[in-house]
Amino acid sequence: MNLTTQKINDIIPDERTVEEISGKLGLNRKLVELLIMRGYDNVDAINVFLHPSIDNLYPPETMLSISLRTEYALCSVIRKPLRG
């Protein structure tokens with residue numbers, strides 16, 4: 001498998017932070033680096049991301065095109081063509 005990477009921000013994870021979080025959570029260092037680059041920069045934030053609960057989810061109404069997505073899901077269940 002040939003993987004390529006693409007830089008999406010200018011965050012460079014601090015080695016000490018990566019080591020600390022990796023040790024506390026028992027996670028691979030590369031995974032911790034990726035999570036930090038994605039904005040999950042502390043143990044609590046990473047735990048919430050890796051172990052989501054219903055209390056931490058965004059309200060469904062804030063999702064883009066929620067009404068269309070809901071209609072699509074319902075039509076898929078009852079095998080009915082979509083409008084338009």
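**Surface, burial and helix packing**

Author: Start with the surface. This is a predicted model, and the accessible surface of its protein chain comes to about 7500 Å², with 57% of that belonging to carbon and sulfur atoms.

Reader: How much of the protein chain is buried?

Author: A residue counts as buried when its relative accessible area is under 20%. Here, buried residues make up 14% of the 84 residues in the protein chain.

Reader: Which elements does the protein chain have, and in what order do they run?

Author: There are 4 helices and 0 strands. Starting at the N terminus, the order is α-α-α-α.

Reader: Take a single residue next. Is Ser-22 buried or exposed?

Author: Ser-22 counts as buried because its relative accessibility is 11%, and the cut-off for buried is under 20%. Ser-22 is found in helix H1, residues 15-25. With its neighbours within four places in sequence left aside, Ser-22 is in contact with Leu-27, Asn-28, Arg-29 and Val-32.

Reader: How do H1 and H2 cross?

Author: For a pair of helices, read the axis distance and the angle together, then the handedness, then the residues. The axes of H1 and H2 come within 9 Å and cross at roughly 115°. H1 passes H2 in a right-handed crossing. On the H1 side the contact is made by Glu-15, Thr-17, Val-18, Glu-19, Ile-21 and Ser-22, and on the H2 side by Arg-29, Val-32, Glu-33 and Ile-36. Sorted by class, this contact of H1 with H2 has 4 nonpolar, 2 polar and 4 charged residues.

Reader: What does Leu-35 contact?

Author: Leu-35 also lies in helix H2, which spans residues 29-37. Its relative accessibility is 5%, so Leu-35 counts as buried. Setting aside neighbours within four places in sequence, Leu-35 is in contact with Tyr-40, Ile-46 and Phe-49.

Reader: Are H1 and H3 parallel or oblique to each other?

Author: Angles under 35 degrees count as roughly parallel, and 65 to 115 as roughly perpendicular. H1 and helix H3, residues 43-50, pack at an angle of about 50°, with their axes 10 Å apart. H1 and H3 are therefore oblique to each other. H1 passes H3 in a right-handed crossing.

Reader: Which residues of H1 and H3 meet?

Author: Ile-21, Lys-24 and Leu-25 in H1 meet Val-43, Ile-46 and Asn-47 in H3. By class, the residues of this contact of H1 with H3 are 4 nonpolar, 1 polar and 1 charged. Ile-21 is also listed in the contact of H1 with H2, and Ile-46 is one of the residues in contact with Leu-35.

Notes
Residues numbered from 1 in each chain as written. Predicted model: local features only at pLDDT ≥ 70, side-chain atom pairs only at ≥ 80, totals over all residues. Heavy atoms only, no water. Helix = DSSP H or I, 4+ residues; strand = E, 2+ residues; numbered from the N terminus. Buried < 20%, exposed > 50% of the residue type's maximum accessible area, 1.4 Å probe, protein only. Areas by Shrake-Rupley, 256 points an atom, 1.4 Å probe, with all protein chains shown as cover. Contact = heavy atoms within 4.5 Å. Axes fitted to C-alpha atoms, helices over the stretch in contact; angles between N-to-C directions. Parallel < 35°, antiparallel > 145°, perpendicular 65-115°, else oblique. Left-handed = near helix turned anticlockwise from the far one by under 90°. Nonpolar A, V, L, I, M, F, W, Y, C, P; charged D, E, K, R; others polar.
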